[in-house]
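Biologist: I am new to this structure and would like a close look at one part of it. Please begin with the overall layout and then go to that part.

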Amino acid sequence: MSLQFPTALAHLPWLPCLPHQASGLTATASGLKAPIAHTTLESLARPLHSTAASLLVRPNASPAIATTTQYLRSGGASTSSAPSSSQTMKPPQPFNGDFSKVVTPLPYAHDGLAKKGMSKEQVTLHYEKHHKGYATKLTQLVAQDPKLKGLSLEELLMTQPLGPVFNSAAQIWNHNFYWHCLSPHGGGAPTGPLLEQIKAQWGSFEKFKEEFSAAATGHFGSGWAWLVKTPQRRLAIVTTKDAEIPSLRGLHPILVCDVWEHAYYVDFRNDRAAFIKCFWDLVHWDFANFNFILG
């Protein structure tokens, strides 16, 4: 199948599946040997205790991860075959500390989703105030701690405990990913390999959509609703509290819906269910399929 990817993907920081000291993930995972209904993800996630830093894109990085990062930062363009372990890559330069530079540009205009139900005002406030606000906060926090000088967004996520620095960094990453999950031409149902896997596990796209909507609507407080691929290469519906990222527990993100109230308070006030209904009209299934194939 032929998938089209936005050129803005070149600006999307990509985080490999990594273990981390994270908690508060819940999931449903139809089709697993023992279906799980909103419980902890210890049975799905990788062990927490391994060296995350070794997975950074450095001269000794995993060839697969290095190729993945190159692929995404090239805007989804074809890359050469994976480098052999004997090949080296230039070490990344120390980050300059301005995290506004890692906020991905919107892949559409601020009013680009309006015809699908998400107004220009909603997108503008969400992106310009909240998303960019996390970058401003993170820049300030890192400037106050000499130990963090020069660390990139991904390095902060892989090394910092839950707290203000991690939360701000994670919210930048989550929002970068979220905006690409939406499209002015989105909606409908997925096609190709992702649809086949959904049908294999849930029986139908409608059943999957029902379960995802229930998880997103029922999530208590602020957070995110994700479709992920597990280490067992199965799909699972995951909700995370606050700023957490499934990647940091070894779960590969496919699709996400932001269920923080700031994602929908302009258009839907506190009616999260109405927002979730609108979300399905915006889903960028080509992007989700890309993530599924890549994972």
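How many helices and strands does the chain have? And at what angle do the axes of helix 2 and helix 4 cross?

Modeller: The chain has 9 helices and 5 strands, taken as DSSP runs numbered from the N terminus (helices: H or I, at least four residues; strands: E, at least two). Read from the N terminus, their order is β-β-α-α-α-α-α-α-β-β-β-α-α-α.

This is a predicted model in which local features need pLDDT of at least 70 and side-chain atom pairs count only at pLDDT 80 or more, while totals for chains, interfaces and linings use all residues. Residues are numbered from 1 along each chain as its sequence is written, and side-chain values use heavy atoms, with hydrogens and water left out.

The average pLDDT (the predictor's confidence in each residue, from 0 to 100) of the chain is 77, and 68% of the residues score at least 70. Residues 16–23 stay under 50, with 37 contacts (heavy atoms within 4.5 Å) beyond four places in sequence. Residues 29–92 are also below 50, and the model gives this stretch 109 contacts beyond near neighbours in sequence. Where pLDDT is low, the predicted coordinates should not be read in detail.

Now the pair you asked about. Helix 2 spans residues 120–143 and helix 4 spans residues 164–180; their axes come within 9 Å and cross at roughly 145 degrees. The axes are lines fitted to C-alpha atoms over the stretch in contact, with angles from 0 to 180 degrees between N-to-C directions. This crossing is left-handed, which means that the near helix is turned anticlockwise from the far one by less than a right angle.

The C-alpha atoms of tryptophan 173 and threonine 104 are 9.0 Å apart, although 69 residues separate the two along the chain.

For the setting of this pair, buried residues make up 53% of the 295 residues in the chain. Of the contacts with a separation of 6 or more, 73% join residues 24 or more positions apart.

Notes: Buried < 20%, exposed > 50% of the residue type's maximum accessible area, 1.4 Å probe, protein only.
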